[in-house]
Amino acid sequence: MKSLTQHRRELEILQKTVEDAYQKAKKVALKSAHVSNMFRDDRRCKEGCLPINIGPLDAILSVEVQVKGQGNEGRIRCEPGVTMEKLVEALLPFQCLPAVVPDLKGITVGGAIAGGAFGSGSFKAGYFHDLCQEYEVIVGDGSLITCSPTENSDLFKVLPNSMGTLGIIVGVTLSVSHATKFVDLRYLKFSSWAQVVPFLQRAKDDPKIHYLDLLQLEPKVFILIVGTQTQTASGKMYSHEKNPSPLYSTHVKEIFLQHNWSARSSDSLFPEESVYLESMAMDDYLFRNDKGCFGMSLVAFDTSFITRNFFGSMFSSSVLMKGMHTFQNYFDRAFVFQNVIFDTFQLENALPLIQDVGVLPPIRLTPVSTSTSTSTSTSFVNVGIYGIPSFKLKPSVIVKRIQEIAEKYSGKKNFAGNSYYPVSEFQAKFQEKDLLAARRKFAGEEIFPELSEKVLSAEPGEKEVWKIPILSWIFYGILIIVGFLTVVILSLE
């Protein structure tokens, strides 16, 4: 752990840098030690800006845990550069975790707050930032501000999802709750969204259920994945970390194809349904989507036993995200990564249109319990469309279709992926009055980019889309050949 004295010393240096930029009316851009987990190009908004290095702010500052009732509860104070992997490693020995842990190991605490991250615990606990009790923020004039629900509450309210347009988060205090060593996973199959909805409410009200998400594998195949914390695993142990295990979405599809779904269940949680049961270690479960990064490497990884065995480390989210940002122009022409949150009851109308936008399945559905400024509902579902488009459509065209569907059914777009709006239209739809007021009050307008500059993407040039799959297969073919040669060489030795 880092001492508070050292933490304060580092903040003073950072404050002086921001203050100098403010006095010179110079825009700033943050430079982190970690690769960005945003699925879009943010290089344009950094051009001509003064880089500010926040890399050293990556330490745990304190952990406070108390035994309450049936388990431990408490809070952790940390710096924004702490990754989810590091956060979990620090808390599991205390038998505690945040109720929401985003799926990728390299997502940082600061990034999760600024970008509106969520996870399979969101069906009860909301977004990651809903667990935060207090922020330390360096605002536009270099001042260090503490904000919470009772102190500088206007800044506390709008800081999540602000994408770094209000200030630099330099300290976070968030609540943690009891966690166990294992997670029992139950897989249930449904044939329509209307069948799923009653189970979502049932799960939300059930204290034994801690995690929940879904994969839509086909138009009439929904796999509900229910997680229950346990000290003793009840099912067969599964680990995606061990090669040659497939990507998690492929593993779920294999369960769907192999399990006898007509059989009744004797399971205590769902005795009236057919259930497939397995167990995972807690940290293994939390980062089950890290390998392959939500399917970014699906074609390369899961079509070859060789790549599963010998190139598993190449398909971690950190490696794939570095590659994505290095070849951003290629990525924008080859993949679609979009998150849109819909009201649970509006989703039945929107899903058929989303299925037809032209992205290979699965579609990821993550229930989120939260409130928004534009709705009285507290029941939402994040729809994740991640993958390879059809040969006939450009990803930018698909993204625009998704934006139209979101507009039609009152969906709210997450800005981790590309967004293609005219600037005036974007500002009218997404720049809320409270955010603009906070930018003026805390001197954000002077040195931090505005939201449209941060999240709007330049549409890729007119390049033949058919070339992209061919280039992908050439690259994947090279990987397979190298893997085959490696096997031959090892066998000769």
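This is a predicted model: local features need pLDDT of at least 70, side-chain atom pairs count only at pLDDT 80 or more; totals for chains, interfaces and linings use all residues.
User: Which residue of β13 stands opposite Y187?

Analyst: Strands are DSSP runs of E with at least two residues, helices are runs of H or I with at least four, and both are numbered from the N terminus. Two strands count as paired if DSSP finds at least two bridges between them. In β13, the residue opposite Y187 is Y276.

User: What is the bridge partner of Y187 in β11?

Analyst: Strand β11 covers residues 221-230 and pairs with β9 in the antiparallel sense over 9 bridges. Within β11, Y187 has as its bridge partner I225.

User: How many of the 9 residues of strand β9 are buried?

Analyst: Buried means under 20% relative accessible area, exposed means over 50%, and partly exposed lies in between (1.4 Å probe, protein chains only). Strand β9, residues 182-190, is largely enclosed by the rest of the structure because most of it passes that test: the buried residues number 8 of the 9.

User: Which strands are the edge strands of the open sheet?

Analyst: The open sheet has 9 strands with mixed pairing, in the order β12-β13-β9-β11-β10-β15-β16-β14-β17.

User: What is the bridge partner of Q216 in β11?

Analyst: Strand β10, residues 211-218, pairs with β11 in the antiparallel sense over 7 bridges. Over in β11, the partner of Q216 is F222.

User: Which side chain makes a polar contact of 2.7 Å with that of D267?

Analyst: D267 sits in the loop between α7 and β13, and its relative accessible area of 11% means that D267 is buried. Leaving aside neighbours within four places in sequence, D267 is in contact (heavy atoms within 4.5 Å) with R186 and V275. A polar contact is a pair of N or O atoms within 3.5 Å; within protein, one must be able to donate a hydrogen and the other to accept it, and residues adjacent in sequence count only if both atoms are side-chain atoms. The polar contact of 2.7 Å joins the side chain of D267 to that of R186.

User: How many residues apart are D154 and K441?

Analyst: A salt bridge is a side-chain nitrogen of Lys or Arg within 4 Å of a carboxyl oxygen of Asp or Glu, and by this rule the count is 15 salt bridges. In one of them the side chains of D154 and K441 meet at 2.8 Å, N to O. D154 lies in helix α5 (residues 153-158) and K441 in helix α16 (residues 433-441), so the pair links distant parts of the chain, with a separation of 287 residues.

User: Which residue forms a salt bridge with R202?

Analyst: R202 is partly exposed, with a relative accessible area of 32%. The bridge is 2.5 Å from N to O, and the side chain that meets R202 is that of E272.

User: What is the angle between the planes of F337 and Y386?

Analyst: Rings of Phe, Tyr and Trp (its six-membered ring) pair if their centres lie within 6.5 Å; planes under 30 degrees apart count as stacked, over 60 as edge-to-face and the rest as tilted. The structure holds 14 aromatic pairs. F337 and Y386, both buried, form a stacked pair at 5.5 Å centre to centre, and the angle between their planes is 20°.

User: What is the distance of R288 from the ring centre of Y285?

Analyst: A charge sits over a ring if NZ of Lys or CZ of Arg is within 6 Å of the ring centre and within 35 degrees of the ring normal. R288 lies over the face of Y248, at 5.8 Å from the ring centre. R288 also lies over the face of Y285, where the distance is 4.2 Å.

Methods
Residues are numbered from 1 along each chain as its sequence is written. Side-chain values use heavy atoms; hydrogens and water are left out.
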